[in-house]
Amino acid sequence: MDANRLHNAEPDSSGVDLLGMARRHWWLVLVLVLVGLAGAMQFTGLQTKVYESSTSVLVSPIGNGQDANSTSGRTKGDINLDNEAQLVASTTVATDAAALMRSTVPPDTLAASVRVEVPPNTTFLVITFSASTAEQAQAGSHAFAEAYLRNREESAKADVAGRIAILNDKINQLNTGLTQINTRLAALKQTDPNRPNLESQRSTATAQINTLAGQLNQLLTTTVSAGKITRDADLPGSPVKPNRLLNLASGGMVGLLLGVGAAMLRERLDQRIRRPSDLPRRVDMGVLAAVPSRVKPRLDDVFAPFGAGGRIFNRLRNEVLASIPAPAGGDARVALAGQVVVVAGASRGAASTVVAANLAAAFARTGAETVLVCAHLPDSMVDTASVNRMLGVRAVPGLSDVLAGRFSLSSATQRAPRHPNLSVVTTGGTASAGGLLQSQALRDTLATLRERAAYVVVEAPSTATSADAQSLAALADAAIVAVELRRTRNTEIGDAADQLRRVGTPLLGAVVLPKLASPRSSDEREETPAAPIMADDMTTVLEKIPAKEPEKEDEPKRIRTTPQTPAANKAKSVPPPSRPARATISVTRISADAPSENGADKRR
């Protein structure tokens with residue numbers, strides 16, 4: 001079975017989970033979207049307002065007053081509407097429009113504010129004028145329509161006048177020729193052979209004169225109609241620019257794109273592990289178990305067996321049993337019996353404490369003898385979790401005292417009162433025990449525990465603070481890395497994996513915990529039993545205890561810290577002192593070889 005297989009982890013994907021990143025960094029995306037909207041509002045307020053008004057003009061053919069035939073297209077009928085559209089924006093029309101508007105703006109500037117559209121399959125022109133005020137937009141649109149129609153009408157009238165003049169000239173020429181023909185005919189005899197020819201010329205000239213006269217009469221009676229306004233310009237009620245809705249939508253979209261980009265950048269630059277699926281993707285480590293954020297780790301006790309947390313560690317126990325290969329034809333439980341499992345934290349904190357205590361309790365619930373060995377000195381005196389508080393045992397004596405030769409292993413082994421089949425060896429109080437985790441005494445201690453217990457769970461120091469975890473892993477049969485979300489960095493996990501794998505110990509995977517609660521205030525800690533004992537003070541006390549006094553073999557030993565305040569020595573109550581009280585330690589000695597059955601001297 002692969003020891004690095006995933007448990008409740010999302011499969012790695014070659015693509016980018018944009019939705020997931022946006023959900024994890026929603027506040028960053030929201031801030032940038034709001035910034036984009038604010039910028040759009042600011043840009044909208046700075047833009048100049050622009051009003052538009054439109055006038056529809058029906059363009060008619062010159063001379064007949066009828067609508068043009070537009071079925072052949074806007075450029076193939078009697079009127080070329082594209083040319084007419086260009087005529088509307090010409091300088092000549094703009095000059096006439098400026099005169100109608102009584103405007104001092106140059107004609108070219110006015111022409112730049114005109115937009116002409118030609119609806120399909122029609123002989124209409126839609127003249128739109130843009131201005132900074134609604135009144136100017138209305139006046140400009142109407143003025144350009146009027147100027148265009150006047151210009152076209154004047155052009156039509158000039159064309160008709162020219163044609164009339166041409167017809168008059170032709171008629172005058174024909175009348176002159178006809179007069180000459182009549183004069184010659186009057187001088188000829190009836191039998192003159194030239195008479196028929198002259199009569200024929202007279203008839204032709206007369207016919208041409210009649211035709212031209214008819215055309216002239218038609219031109220003289222024709223009403224010139226250049227077109228008409230079908231829909232006059234109205235007063236716009238709101239500006240077309242700036243478009244507030246469009247600007248807000250654009251600003252929000254730009255903010256969203258920037259937010260997603262910032263989320264991607266922050267995701268790439270963020271080295272912290274924020275979800276269990278980051279482990280196989282970033283450091284190539286399987287997840288044995290993941291405690292969801294809704295299940296808050298208990299810092300004063302282990303998880304209840306049938307609660308959500310207890311079920312997770314029961315499954316973790318099964319994962320550990322299944323991850324260590326059993327001998328051929330054997331059982332995995334038999335293979336694990338008498339072996340040692342090391343739990344090391346990848347970063348500072350109490351993650352390894354929570355995992356080791358709950359895993360040991362899960363092993364003990366199977367009915368097998370289990371020992372929890374604490375080799376992890378708390379990173380601070382106000383650490384969020386301690387085995388003493390979680391399992392209800394004394395802080396001393398412990399492993400460091402055994403390795404230093406001050407106490408025997410039997411006297412340092414305490415029974416967890418609330419967990420049958422579980423014994424605990426605490427860290428101890430010997431502060432000058434540096435290097436003891438690499439000594440032969442530790443090997444002998446673990447060998448003895450292998451013989452006494454079925455399962456030995458060792459809470460190792462963090463791999464980020466010392467090399468003791470690597471030394472302990474070299475003496476163990478399997479290793480587990482405890483990862484605290486939003487605190488542990490992927491580089492720390494990679495370093496932990498390298499340290500544990502280099503000593504040849506099988507690395508089963510990682511147990512992921514949500515971020516643990518912050519340390520409580522000093523007032524709350526004063527009311528909490530089993531407060532940690534300062535290592536230097538405890539070393540001084542232990543150095544004054546004789547190794548063995550046979551004459552007082554049956555006298556019980558009790559180590560108790562009792563805070564003494566000035567108020568306790570007075571009959572009357574006085575306000576508490578401003579400086580914290582100093583703890584005094586009273587010690588009653590017993591034999592160093594006397595075993596401790598339960599060791600649950602938990603202060604109430």
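Below is a short chat about the predicted model shown above.

Trainee: Hi! What should I know about the model before I start?
Mentor: It is a predicted model, where local features need pLDDT of at least 70 and side-chain atom pairs count only at pLDDT 80 or more, while totals for chains, interfaces and linings use all residues. Residues are numbered from 1 along each chain as its sequence is written, and side-chain values use heavy atoms, with hydrogens and water left out.

Trainee: Thanks. How many helices and strands does the protein have?
Mentor: There are 20 helices and 14 strands. Both are DSSP runs numbered from the N terminus, with helices being H or I of at least four residues and strands E of at least two.

Trainee: And what share of the residues is buried?
Mentor: Of the 604 residues, 42% count as buried. Buried means under 20% relative accessible area, exposed means over 50%, and partly exposed is in between, using a 1.4 Å probe and protein chains only.

Trainee: Which residues have the most contacts inside the largest nonpolar core?
Mentor: They are L316, V343, L372, L391, V457 and I480, in a core of 46 residues. The largest share of this core, 11 residues, is supplied by helix α12 (residues 351-364). Apart from it lies another core of 27 residues, including V57 and L149. A nonpolar core here is a set of buried Ala, Val, Leu, Ile, Met, Phe, Trp, Tyr and Cys residues joined through side-chain atoms within 4.5 Å.

Trainee: What does I480 touch?
Mentor: Leaving out residues up to four places away in sequence, I480 touches several residues, among them L288, V320, V343, L359 and V511. Contact means heavy atoms within 4.5 Å.

Trainee: Changing topic: how do α6 and α7 pack?
Mentor: Helix α6 (residues 134-187) and helix α7 (residues 195-221) pack at about 160°, with their axes 9 Å apart. The axes are lines fitted to C-alpha atoms, for helices over the stretch in contact, and angles run from 0 to 180 degrees between N-to-C directions.

Trainee: Roughly parallel or antiparallel, then?
Mentor: α6 and α7 are therefore roughly antiparallel to each other. Angles under 35 degrees count as roughly parallel, over 145 as roughly antiparallel, 65 to 115 as roughly perpendicular and the rest as oblique. By class, the contact of α6 with α7 has 16 nonpolar, 7 polar and 6 charged residues. For those classes, Ala, Val, Leu, Ile, Met, Phe, Trp, Tyr, Cys and Pro are nonpolar, Asp, Glu, Lys and Arg are charged, and the others, Gly among them, are polar.

Trainee: Which residues of α3 meet α6?
Mentor: E84, L87 and V88 in α3 meet F144, Y148, N151 and R152 in α6. Helix α3 (residues 81-88) packs against α6 at about 120°, with the axes 10 Å apart.

Trainee: Where is A350, and is it buried or exposed?
Mentor: A350 sits in the loop between β6 (339-345) and α12, and at 1% relative accessibility it counts as buried. A350 and S462 are 112 residues apart in sequence but 9.3 Å apart in space, C-alpha to C-alpha.
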